[in-house]
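Subject: Structure handover and findings

Dear colleague,

Please find below the structure I am handing over to you.

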Amino acid sequence: MACSKRDVTDPETAKLLTYESSIKSGTHGELYQKQLALVLLLRLTRQEKNFRLAYELTSADKFGDVVLYDRTAKQWIVVQTKHSDGKDSKIDLNGLLPKTNREKGDFSLYKYFYSYMIDRNRFKGKFKFVLFTNKKLDEKLKTAENFVTIKDRYVDEFLRFTSDGATQKLLIPSEFTIQSIMEYTNRDLYSLKDAIKQLFIKGIITDQLLKYKAYLKDVLKETKNYQISFADTFNESLIFISELYKLLQSELQNLKPIVKPPELDVKEMEHGSTNLPSVDLKHLADAIEDLFRNGIVSDYLKKFENLLALILTTTANGQLAFKDTFRSDVISKAELYRMLKAELNDMETVISTEQKFFDGKALRNKHNSLLFYAEESDVRHFFELLTLSVNQPVELESFIIEELYLWMRMWLRPDVLDRRWHAQRWAS
C-alpha cells in the first residue's frame, strides 16, 4: 500500500498527534529504550530545544523505538535500540549482512533499508536513522571492505554518552552490497511480474496476485464477466510520471494546492496515449515547483501543459492539485511496466478467468502489503543517513540521574516548569 498525501505525518500541522504503540513491557530491551527516551526528554527540555518525542511509534516501523522530531531543523531522528545482557556480545559481518533470515537479524541492513523506504514516505521532513546498541563491533569488520567500510562519524551531542569505547559509525556499502540490498528489496516486485505473466499466458491467479490486489487496481482492470486486461493508464506515460516524481519527491509534501491560473489549460489526455514529446524533465520539474510556490506560469510550462494532466487535477473548488496517483508507488509501477512490456508479446491481451479477482473488501483493507522498487541511489542515500551507535552504555540510569541533578541546579517557578513540560508532550 502506498502512502497518499493524506497518510503523511506532518508534525508541523498536528496540534496533538496520537499514535499506536506496540510496546511489550518487562524485557531488558524495553527498559533500555524507555531509559533512552527519558534521557533525551530531560536533556532536550533542559536545553529548551523545540522538539517532539514519541516512544514506540508503530508507524515508524523498525525505527520506532524512540522517535524525535527537531522542530527547528524540521528533521526526524528515528532510533532503533538493541540491548544485549550478554558479555562481550559483538556485531559481525553476518549480523549486518546475513546470508539467510535477512528480515529477522537484529542488525540486518536489509530489513532496516526496507524500513527506510517506508518511513521516508510516511513522514514529512528530513531524516536521521540511528541503530543504538551496547554491542561492540567485531574486529574482523575492519577487513570487510568487500562488503562494507566503517568510519567514525559525528552525531548530535544529545545522542552522545560518555562510555568507555562508545562510538558512532558511518557504514559505506560496497557495490556488491548495494546490489544485494536492491535485489532483496525488489524481490517481491519481480515475483509479482512473474505472476502477472502467468495470468496472461496461462490464466493462473496465484497467491502473489491476491496478496497485492490493492496495488494492482491501477495495473489491471476487470469486466463483469471476469475478463482481465491491463488498465488504460498502465502505459508508457508511467515512465515519464515516475521520473518526474523522483525530481519532485523531496519537495512534494510542501507543494500545496493553488488557485488554477486562467492561462494554464490542463486537459485530460486520451487513455492509452503514449506518444510523449521529448522533455527536459529537470526544467519541467523546476517550472512546476515555481508554479506551486510562486504562482508563476513559465513559457516552458505552457509549452508542455498537455502533459500536466498526467500528474495534476483541478478540484471541485477550482484549485490545481497533484493527483492522488502521483505518489511513491508510481516508481515501482513504471518498472513493472518496463519489465512486462519486454517480456509479454502483447500488452493488449484480454484473459478470461473463472472467478472474480477484485473485490471491495480487499481494496478497502488498510493493511495491504507494501511494495517498493529500490534503485542504487536509494541505497546510497539510506547509508548516508544511517548512524550505527555501538558499544553504548549497558544501562542508562546513571545518565537519567545526572540529568535530574542538572535540573535541580536550575530554578524554575512551578507554572513555568509545567508549561515547558507540556509544550514537549506529543501524545496522550
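How do the residues of the lining of the largest cavity divide into nonpolar, polar and charged? The lining has five nonpolar, four polar and two charged residues. Please bear in mind that this is a predicted model.

Cavity

One cavity of 30 Å³ or more is present in the structure, and the volume of the largest cavity is about 90 Å³. Its lining is formed by Met-117, Arg-120, Asn-121, Gln-249, Ser-328, Asp-329, Ile-331, Ser-332, Leu-371, Phe-372 and Tyr-373. Two elements, helix 3 (109–122) and helix 10 (329–343), each give two or more residues to this lining.

Second largest pocket

The second largest pocket holds about 830 Å³ of space. Its lining comprises 35 residues, and those nearest its centre are Arg-120, Gly-125, Gln-249, Ser-250 and Glu-251. Helix 3, strand 5 (126–133), helix 7 (237–252) and helix 12 are the elements that give two or more residues to the pocket lining. Helix 7 provides the largest share, seven residues. By class, the lining of this pocket divides into 13 nonpolar, 10 polar and 12 charged residues.

Helix 3 with helix 12

Helix 3 packs against helix 12 (residues 376–385) at an angle of about 95°, and their axes are 10 Å apart. This angle makes the two helices, helix 3 and helix 12, roughly perpendicular, as angles of 65 to 115 degrees are classed that way. On the side of helix 3, the contact involves Leu-109, Tyr-112, Phe-113, Tyr-116, Met-117 and Arg-120; on that of helix 12, it involves Asp-378, Val-379, His-381, Phe-382, Phe-383 and Leu-385. Nine of the contact residues are nonpolar, one is polar and two are charged.

Helix 1 with helix 13

Helix 1 (residues 28–46) and helix 13 (residues 397–408) pack at about 20°, with 9 Å between their axes. Helix 1 and helix 13 are therefore roughly parallel, and helix 1 passes helix 13 in a left-handed crossing. Helix 1 contributes Gln-35, Leu-38, Val-39, Leu-42, Arg-43, Thr-45 and Arg-46 to the contact, while helix 13 contributes Glu-397, Phe-399, Ile-400, Glu-403, Leu-404, Leu-406 and Trp-407. These residues divide into eight nonpolar, two polar and four charged.

Yours sincerely

Technical notes:
Residues are numbered from 1 along each chain as its sequence is written. This is a predicted model: local features need pLDDT of at least 70, side-chain atom pairs count only at pLDDT 80 or more; totals for chains, interfaces and linings use all residues. Side-chain values use heavy atoms; hydrogens and water are left out. On a 1 Å grid over the protein atoms alone, a cavity is a set of points where a 1.4 Å probe fits but cannot get out, and a pocket is an open set with protein on both sides within 12 Å along at least five of seven lines; lining residues have an atom within 4 Å of a point. Grid points are joined across faces, edges and corners, and a volume is the space filled by probe spheres set on the points. Helices (H or I, at least four residues) and strands (E, at least two) are DSSP runs, numbered from the N terminus. Ala, Val, Leu, Ile, Met, Phe, Trp, Tyr, Cys and Pro count as nonpolar, Asp, Glu, Lys and Arg as charged, and the others, Gly among them, as polar. Axes are lines fitted to C-alpha atoms, for helices over the stretch in contact, and angles run from 0 to 180 degrees between N-to-C directions. Angles under 35 degrees count as roughly parallel, over 145 as roughly antiparallel, 65 to 115 as roughly perpendicular and the rest as oblique. A crossing is left-handed if the near helix is turned anticlockwise from the far one by less than a right angle, and right-handed if clockwise. Contact means heavy atoms within 4.5 Å.
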